Amino acid sequence: MTSRQLQLFLTIADQGSFSKAEKTEFISKQALLRQVNQLEDEVGEKLFLRTPYGISLTEAGRLFYDGAREILDLEDDVLTRCRKSASAREEFRVSYIEHQALLNDVTEAFMQKYPDIRIRRVVHPNHSGEYRVEHGIADVGETFYTKYTASSPNAYTRLADMPYLAAMSRSHPLAEKTKVTLEALTEYPVIIYAPMVDDGYQQELRKAFAAKGRTVRDDVGKGRTVRDDAGKGRTVCDDAGKGGTVRDEVGKTEAGAGASYISGTPCLDIRRDVDAQVQAAFFCAETDAILLTANCFVRTIPELQTVPLAEDWHQEYGIIYQANPSRTVRKYIDLAVAQYAACRR
């Protein structure tokens, strides 16, 4: 017997008529009779008395009625408890961005190890892990270690030190190298994102490009500051706050931080909007420009070739979360630490 058969039996008994039950259950009379006959065959007793004036339950039918009601009530109770259990199971939120370097693999491993814990990947216009955790948007987020991280009210756990990579088109002249020197980089347009590059590394890059008389472009505010280090003097053109276009020393027009380059024109482009680095990466895949970053998302872009620097430059990455995390979040953190233990320097 099935739950459907039991429900049809109860409806017929309550309605006292096959015709009424037919309309209530949206089933033809022939199909209804067939279900009842199958039920009576299985029980081995007649459940209904059929008379010209209607139907009524037999003695066996009355006993079966009470049992059928009890079975269906128990079934409803079990389903309700299961649904409540599923909706109340453990859950936490992981910050998600398309250029995430570490936590994607951790999330996948966590879901396999703890299938009963629900993870929600949180997408938000502000890509900062610190911002999302601090404002209660996510429970955990990925971040690279900065001075802000050290003074943040959030908790932070180091996961791995990631090497800096030069990401470029697969047809780039440097794509076949096993290592790339700073001197080699000065022959091409190089993009860096200042918040993600150590101040000391930035100074070394500036010096290397200045030594070759290359242009250094530095985003400030809404505009761009362009510094021309060619020769002995220094020319500064500052459009900060004006939102205008900037022309470099040879009259090349650029429009904001997304400016494209004339092929073969070396420069150092220092940018601030880290959320735009994915766009910059794809730009590099189509030009001779190079994106210098420690964020290993560039390895996931098929059109890019990544080459390590000859310099031993690394960026610390970790996981940020609110102080006194829940037991569930602590499980996630512990798994992340274990997974990246081998990456520690």
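In which kind of crossing, left-handed or right-handed, does H1 pass H2? The crossing of H1 past H2 is right-handed, where right-handed means that the near helix is turned clockwise from the far one by less than a right angle, and left-handed that the near helix is turned anticlockwise. The structure is a predicted model, in which local features need pLDDT of at least 70 and side-chain atom pairs count only at pLDDT 80 or more, while totals for chains, interfaces and linings use all residues. Residues are numbered from 1 along each chain as its sequence is written, and side-chain values use heavy atoms, with hydrogens and water left out.

The secondary structure comprises eleven helices and 17 strands, taken as DSSP runs numbered from the N terminus (H or I over at least four residues for helices, E over at least two for strands). Of the 345 residues in the protein, 44% count as buried, where buried means under 20% relative accessible area, exposed means over 50%, and partly exposed lies in between, computed with a 1.4 Å probe on protein chains only. Among the contacts with a separation of 6 or more, 66% join residues 24 or more positions apart, a contact being heavy atoms within 4.5 Å.

Two packed helices are described by the angle between their axes and the distance between the axes. Helix H1, residues 3-15, packs against helix H2, residues 18-25, at an angle of about 130 degrees, and their axes are 8 Å apart; axes here are lines fitted to C-alpha atoms, for helices over the stretch in contact, and angles run from 0 to 180 degrees between N-to-C directions. That angle makes H1 oblique to H2, on a scale where angles under 35 degrees count as roughly parallel, over 145 as roughly antiparallel, 65 to 115 as roughly perpendicular and the rest as oblique. On the H1 side the contact is formed by Arg4, Gln7, Leu8, Thr11, Ile12 and Gln15, which meet Phe18, Lys20, Ala21, Thr24 and Glu25 of H2. These residues divide into four nonpolar, four polar and three charged, with Ala, Val, Leu, Ile, Met, Phe, Trp, Tyr, Cys and Pro counted as nonpolar, Asp, Glu, Lys and Arg as charged, and the others, Gly among them, as polar.

Once its neighbours within four places in sequence are left aside, threonine 11 is in contact with Ala21, Thr24 and Glu25. Glycine 16, in the loop between H1 and H2, is instead partly exposed, at a relative accessible area of 29%; its C-alpha atom is separated by 6.6 Å from that of serine 56, 40 residues apart along the chain.

In soluble globular proteins, nonpolar side chains tend to be buried together. The largest nonpolar core of this model has 51 residues, and those with the most contacts inside it are Phe92, Leu185, Leu292 and Tyr332; such a core is a set of buried Ala, Val, Leu, Ile, Met, Phe, Trp, Tyr and Cys residues joined through side-chain atoms within 4.5 Å. Helix H11, residues 327-339, gives the most to this core, with five residues. Apart from it lies another core, of 20 residues, including Leu32, Leu39, Ile55 and Leu72.

Two loop residues complete the picture. Asparagine 324, in the loop between strand S17 (314-321) and H11, counts as exposed at 76% relative accessibility, and its phi is near 55 degrees, a positive value in a residue other than glycine. Valine 123, in the loop between strand S4 (118-122) and helix H6 (129-134), also counts as exposed, at 64% relative accessibility, and is in contact with Tyr96 and Arg132 when its neighbours within four places in sequence are left aside.
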